[in-house]
Amino acid sequence: MRAIIVDDERNNISNLHRILGDHCPAVEIVATAGNADTAKALIAAHQPDLLFLDIQMPGKNGFELLQSIPHPDFEIIFVTAFDKYGIQAIRFSALDYLLKPVVIADLKTAVEKAMHKVQEKRKNQQLDNLLNFLQQKNETSNH
């Protein structure tokens, strides 16, 4: 599962990267970003399955980043020091909302939820592809 970490504090990125490496081997960190603008470009370039997103950052915050992406096709786990954004996170269809310092058990649970959602999405895409193929084949044979 391909993931990007977005946090304005390098030590938070390093800590989360290390914890994920130690406890969530299915997560591949493909990029990290220290601000929303860099994150937006990296998301477009890497098409991640999962975004670990801080909320309060200089410039644009995490919510503004999400608003700037027309059709986000990834799961979101907010990782923040503030508990006051929980309701807003739900409005952005966040998969989970973890408070810093991150509790490893909570992180593992959040990643498992993300893996399940990503697998379901892939299954649905495969089914859509099969149905489209069958429909095209049917149309071709009817002409």
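The structure is a predicted model, in which local features need pLDDT of at least 70 and side-chain atom pairs count only at pLDDT 80 or more, while totals for chains, interfaces and linings use all residues. Residues are numbered from 1 along each chain as its sequence is written, and side-chain values use heavy atoms, with hydrogens and water left out.

The protein contains five helices and five strands. Helices (H or I, at least four residues) and strands (E, at least two) are DSSP runs, numbered from the N terminus. Read from the N terminus, the order of the elements is β-α-β-α-β-α-β-α-β-α. Along the principal axes, the C-alpha atoms fill a box of roughly 60 × 30 × 25 Å. Of the 143 residues in the protein, 38% are buried; buried means under 20% relative accessible area, exposed means over 50%, and partly exposed lies in between (1.4 Å probe, protein chains only). A contact means heavy atoms within 4.5 Å. Among contacts between residues at least 6 apart in sequence, 61% join residues at least 24 apart.

The next topic is the empty space. Rolling a probe the size of a water molecule over the atoms shows where such space is left. A pocket is found on a 1 Å grid over the protein atoms alone: it is an open set of points where a 1.4 Å probe fits, with protein on both sides within 12 Å along at least five of seven lines, and lining residues have an atom within 4 Å of a point. Grid points are joined across faces, edges and corners, and a volume is the space filled by probe spheres set on the points.

The largest pocket has a volume of about 310 Å³. It is lined by 15 residues, and those closest to its centre are Gln47, Pro48, Asp73, Phe74 and Lys121. Helices α2 (36-46) and α5 (104-142) each supply at least two residues of this lining, and the largest share, four residues, comes from α5. By class, the lining of the largest pocket has seven nonpolar, three polar and five charged residues. Here Ala, Val, Leu, Ile, Met, Phe, Trp, Tyr, Cys and Pro count as nonpolar, Asp, Glu, Lys and Arg as charged, and the others, Gly among them, as polar.

The second largest pocket holds about 170 Å³ of space. Its lining has 14 residues, with Asn12, Asn15, Leu16, Lys100 and Val102 nearest the centre. Two or more residues of this lining come from each of β1 (2-6), α1 (10-23) and β3 (50-53); the largest share, four residues, is from α1. Nine nonpolar, two polar and three charged residues make up the lining of the second largest pocket.

Asp7 is located in the loop between β1 and α1, and it counts as buried because its relative accessibility is 4%. A polar atom of the Asp7 side chain also lies 2.9 Å from the backbone nitrogen of Glu9. Beyond neighbours within four places in sequence, the contacts of Asp7 include Asn12, Asp54 and Met57.

The last topic is the aromatic rings, which form five pairs in the structure. Rings of Phe, Tyr and Trp (its six-membered ring) pair if their centres lie within 6.5 Å; planes under 30 degrees apart count as stacked, over 60 as edge-to-face and the rest as tilted. The pair of Phe63 and Phe78 is tilted, because the ring centres are 5.3 Å apart and the planes stand at 55°. This pair links distant parts of the chain, 15 residues apart: Phe63 is in helix α3 (residues 62-67) and Phe78 in strand β4 (residues 75-80). Both Phe63 and Phe78 are buried. Phe82 and Tyr85 form an edge-to-face pair, with 6.3 Å from centre to centre and 80° between the planes. Phe82 counts as partly exposed at 32% relative accessibility, whereas Tyr85, at 13%, counts as buried. Ring pairs join Phe63, Phe78, Phe82, Tyr85, Phe92 and Tyr97 into a cluster.

Key. Polar contact = N/O pair within 3.5 Å; in protein donor to acceptor, adjacent residues only side chain to side chain.
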